[in-house]
Amino acid sequence: MSIEDQANVPLPEHPQVALPAGVSADSPVGRLAATVDRLSREVRTAQAEAEGRALIELAKGILVERLGCGPTQAARQLAELTEQAGTTQLEFAVEVINQAARDRMSEVTNAFLAATRAAEEAAAETAAVRLRAAESGALAADDTQAVAESLLEQALRPLGAVAVAIWAAGADGSLTLTGSAGFSPAEAARWHYVPPDVATVARCALTERDGLWIMSTDDRGLPSVGRHHYPDGGRAAVPAGTGGRVYGVLEIAWPTPMPEQPPQIVRQVEALAELCAHTLETYTPPGNPSHESRAMPDASELMDLADGLYDPALVLVPHLDTSGNLLDFRIQHVNSRFLDPAGRPRAMISGSLLLEAYPMAAGDSELFQRIERVYATGEPFRARRMNLTALVDQVPLAALADISVSRHGDGILFIWRIEDETARLASLLQHAQRLGRIGGFEENLLTGEITWNGQLFDLYGRPETSPPVPLEELPAHAHPDDAVTIGRFLRTLLHRRRPASAAFRLQRPDGVTRHIRVVAEPVLDTDGRLLTTRGAYQDISAQHWTEVALAATRDQLAHTEQHASERDRLALQLQRAIMPPTQAPLQVPDLDVAVRYRPAEAEQLVGGDWYDAVVLPSRLVLLCVGDVAGHGIEAATSMVVLRNALRGLAVTGAGPGQLLSWLNIVAHHLTGAVTATAVCALYDPDSRTLRWARAGHLPPVLVRGSDAAPLPLVRGLLLGAVPEASYEEAEVQLAPEDNLLMYTDGLIERRDRTVEESLTHLLSTAADAPGTLDQRLDRLLTYSRSDTDDDTCIVGIRVG
Amino acid sequence: MHIAQDPLSVEVTLPREDVALLTVEGYLDVDTATEFQHHLANQLHHGRRHFLLDLTAVPFMDSSGMNIILRVYQEARDLPGSVHIISPAPAVRRILDLTGVSITVPVSESVEEALERVDGLAKAPEAEPES
């Protein structure tokens with residue numbers, strides 16, 4: 001079977017050799033050139049044929065495996081199937097491999113086929129063949145140089161690329177050119193090694209760990225191999241890695257500026273980079289023993305190394321998903337110094353996945369990303385005072401640590417040192433014991449040896465040179481009343497061998513009594529015998545007395561509060577019962593009467609304001625507002641007394657002056673030196689006259705038309721101040737449409753201005769208010785400038 | 001808080017052995033009345049019979065302050081003795097008039113005037129106290 005007539009390997013378009021000007025094709029030089037050209041074409045054809053044959057052999061192998069037949073039968077099968085499909089044997093072989101492989105390459109070729117099918121079927125078919133051919137060539141090649149040549153010829157020239165470089169990444173950040181094609185040998189030799197930290201195109205791709213696509217090399221100004229040959233050409237550099245590990249970079253050069261590539265092309269190149277990774281994986285830099293060997297060291301060696309360290313260390317190995325992507329790291333080993341921050345046993349951490357054991361590693365500290373990067377590039381990571389966070393019982397705890405992460409073969413060694421942890425903890429404990437006044441002890445019951453810390457000697461009031469007191473002799477040092485408590489404590493600890501605690505009064509040799517809490521636990525040997533007791537004493541004297549005092553205060557406070565709120569509530573109920581906020585209208589001919597009562601906002605400020613408007617048997621109308629000084633239940637009860645007294649007294653038919661005189665006697669004899677102010681008026685509907693008197697209260701305001709003015713300040717002392725007082729009376733003749741307002745000082749009282757100013761404001765508000773009497777009263781309440789949160793009463797009449 | 005903002009200052013001098021002159025400075029209200037009362041009770045306890053209350057520097061007085069004055073007025077009247085208010089600010093004067101306290105407790109323009117009234121009372125002990 002001749003390859004020649006079966007394999008239709010698409011050869012890259014190759015330009016005829018351009019002869020220098022003036023050189024004739026017939027000249028010896030020209031003939032030589034033509035020969036060279038012919039020979040090289042033959043070499044390329046042979047190479048292509050060889051790669052094509054390799055693909056067909058691979059397809060045959062797949063058929064042998066799938067059909068369970070021999071190689072001869074498989075070859076016949078392939079030929080028959082090819083004939084039926086009406087395609088070339090090579091293309092069919094690619095189809096068979098794609099079917100069998102279902103790998104990334106298939107994905108790329110399928111996507112490529114789908115994308116270009118509409119354009120030109122044949123071209124798409126050949127692209128599929130091209131990629132497979134490149135893969136086959138790359139896998140067959142025994143060194144990276146051959147891979148580079150194969151990639152360029154099979155896969156990259158069709159994309160318009162002219163040169164390719166394959167870089168191996170060193171753990172120190174250096175790059176070594178392990179294979180190239182399309183660059184001149186001299187240029188490749190110049191670029192055989194790029195030291196660490198030199199920003200080249202390939203280096204940038206490695207740092208970013210992502211493909212770098214540059215339209216024109218000069219635009220970015222990044223140096224790279226062959227830049228001077230193709231100064232404005234496009235470049236692509238794609239990290240070559242598999243399974244989360246980056247082995248190097250695939251760099252491709254175009255001769256001219258490269259427009260943005262479609263996703264299919266990008267994926268093709270990524271697939272090719274992955275191909276390179278497979279060859280780089282086994283690459284060992286030649287002749288440089290100081291370079292890291294890529295051969296897998298024995299994992300046990302790394303574990304030995306970890307065990308030999310005096311810092312906590314983890315050995316991590318990559319954990320890949322089914323398609324070979326790095327998911328996580330498995331904690332292969334933890335060394336003996338390792339202490340889990342969350343307190344889990346070592347065996348529980350060993351063998352688990354890093355992110356499962358330490359989910360916070362993926363958090364702000366970016367620890368996981370750092371490890372991932374070390375694994376990918378091999379560049380070690382070291383940091384001092386890095387902030388690490390561990391979840392302890394769902395509580396994130398932060399610690400500062402020095403970190404070292406390095407790659408050894410396929411494993412990662414992760415070492416950390418919590419800053420001066422031992423010293424820090426010891427000092428922390430010391431301070432805690434001192435501040436908490438805690439004394440620690442340990443008693444060996446076999447040897448009788450007792451260890452106390454210095455704080456415990458202090459608690460006992462004994463010099464540190466004196467012998468410690470055994471636990472069993474505790475009753476002799478305690479208050480006799482605590483003997484039972486201590487007996488129970490010792491019995492639980494020594495006889496029942498269980499942790500115990502007790503509070504008792506320690507009587508010190510210096511006569512001081514301290515309240516002490518003792519906690520202790522038994523330490524048993526494997527046979528369950530009691531070996532040691534250990535525990536701590538804590539001086540709770542301060543705490544004890546604070547608690548006692550607190551408890552007493554709390555009780556008292558609760559009682560007072562309850563009492564106070566009950567009283568407030570009672571006062572409020574009383575006032576509401578006596579004085580509803582509004583009152584049913586009085587049935588008086590040609591007279592509107594309206595009242596308003598606004599309680600204080602705060603319950604405890606229930607005041608002693610009152611109003612009354614009632615038709616007397618004489619058909620006179622009694623109008624009254626009053627204000628008992630103070631707040632709370634005393635004021636409210638006094639208010640009730642005065643209001644009812646006035647109602648009763650008014651029935652006698654006496655005038656307002658006399659009524660207030662009597663009311664003064666009532667107020668004076670109330671308990672608790674009560675004073676009150678009041679204004680009292682009797683309105684005669686027949687004559688429209690109002691007789692009134694006041695006891696230390698603001699006089700009524702008369703609103704006539706658009707004028708508002710207070711009635712004159714007739715003489716009258718506030719109620720209750722003296723045993724006997726007399727009150728001047730006044731009379732005012734009212735006219736239809738007149739309004740008269742009586743109010744308590746809750747309406748006007750302000751700290752920052754005089755009664756005059758407040759009154760002026762009230763008068764203007766009262767005068768401005770048109771409409772009904774009710775509206776006028778509402779308006780007065782609404783626009784009140786009072787700032788004392790006092791309760792407020794208003795009584796208003798309007799003559800009809 | 002209020003005390004910090006408007007502290008009440010009460011200065012006591014003795015123009016006569018049985019006469020206490022209390023010079024008050026600050027608001028006389030529900031927050032400061034108790035302190036004022038303590039000063040007065042202290043002077044009563046020491047046997048003073050006449051109380052001169054200089055209210056020149058009291059910008060505001062509410063019913064609490066008024067009640068303290070009325071209480072010492074009643075106590076002094078039983079001794080017998082007297083209470084005099086000296087030069088109240090217009091706002092306080094207005095309250096005194098409004099509540100009728102100025103009817104019962106005489107208001108003087110100066111300490112001298114108040115002392116003259118005290119001396120007048122002493123010369124005529126048989127005079128009827130005001131009602």
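In the predicted model, A:Ala681 stands opposite A:Trp692 of strand S21 in chain A. This strand, spanning residues 689–695, pairs with S20(A) in the antiparallel sense, and six bridges connect the two. S20(A) and S21(A) together form a hairpin, with four residues separating the strands. Within the turn, A:Arg688 adopts a positive phi of about 55°.

Strand S20 of chain A comprises residues 676–684 and is mostly covered, since eight of its nine residues are buried. S20(A) also has strand S19 (residues 621–631) of chain A as a partner, again in the antiparallel sense, over eight bridges. In this pairing, A:Val625 stands opposite A:Val679 of S20(A).

Two helices of chain A, H21 (residues 632–650) and H22 (residues 656–668), were also examined. Their axes come within 10 Å and cross at roughly 140°, and the crossing of H21(A) and H22(A) is right-handed. H21(A) contributes A:Val641, A:Leu642, A:Ala645, A:Leu646, A:Leu649 and A:Ala650 to the contact, while H22(A) contributes A:Leu659, A:Trp662, A:Leu663, A:Val666 and A:Ala667. The contact between H21(A) and H22(A) consists of eleven nonpolar residues, with no polar and no charged residues.

Chain B contains six helices and five strands. From the N terminus on, the elements of chain B follow the order α-β-β-α-β-α-β-α-α-β-α. Of the 131 residues in chain B, 44% count as buried. Among the contacts in chain B between residues at least 6 apart in sequence, 71% link residues at least 24 apart.

How values were computed
Residues numbered from 1 in each chain as written. Chains lettered and ligands numbered in written order. Predicted model: local features only at pLDDT ≥ 70, side-chain atom pairs only at ≥ 80, totals over all residues. Axes fitted to C-alpha atoms, helices over the stretch in contact; angles between N-to-C directions. Left-handed = near helix turned anticlockwise from the far one by under 90°. Contact = placed C-beta atoms within 7 Å. Nonpolar A, V, L, I, M, F, W, Y, C, P; charged D, E, K, R; others polar. Buried ≥ 20, exposed ≤ 12 C-beta atoms within 10 Å, placed from the backbone. Pairing = 2+ DSSP bridges.
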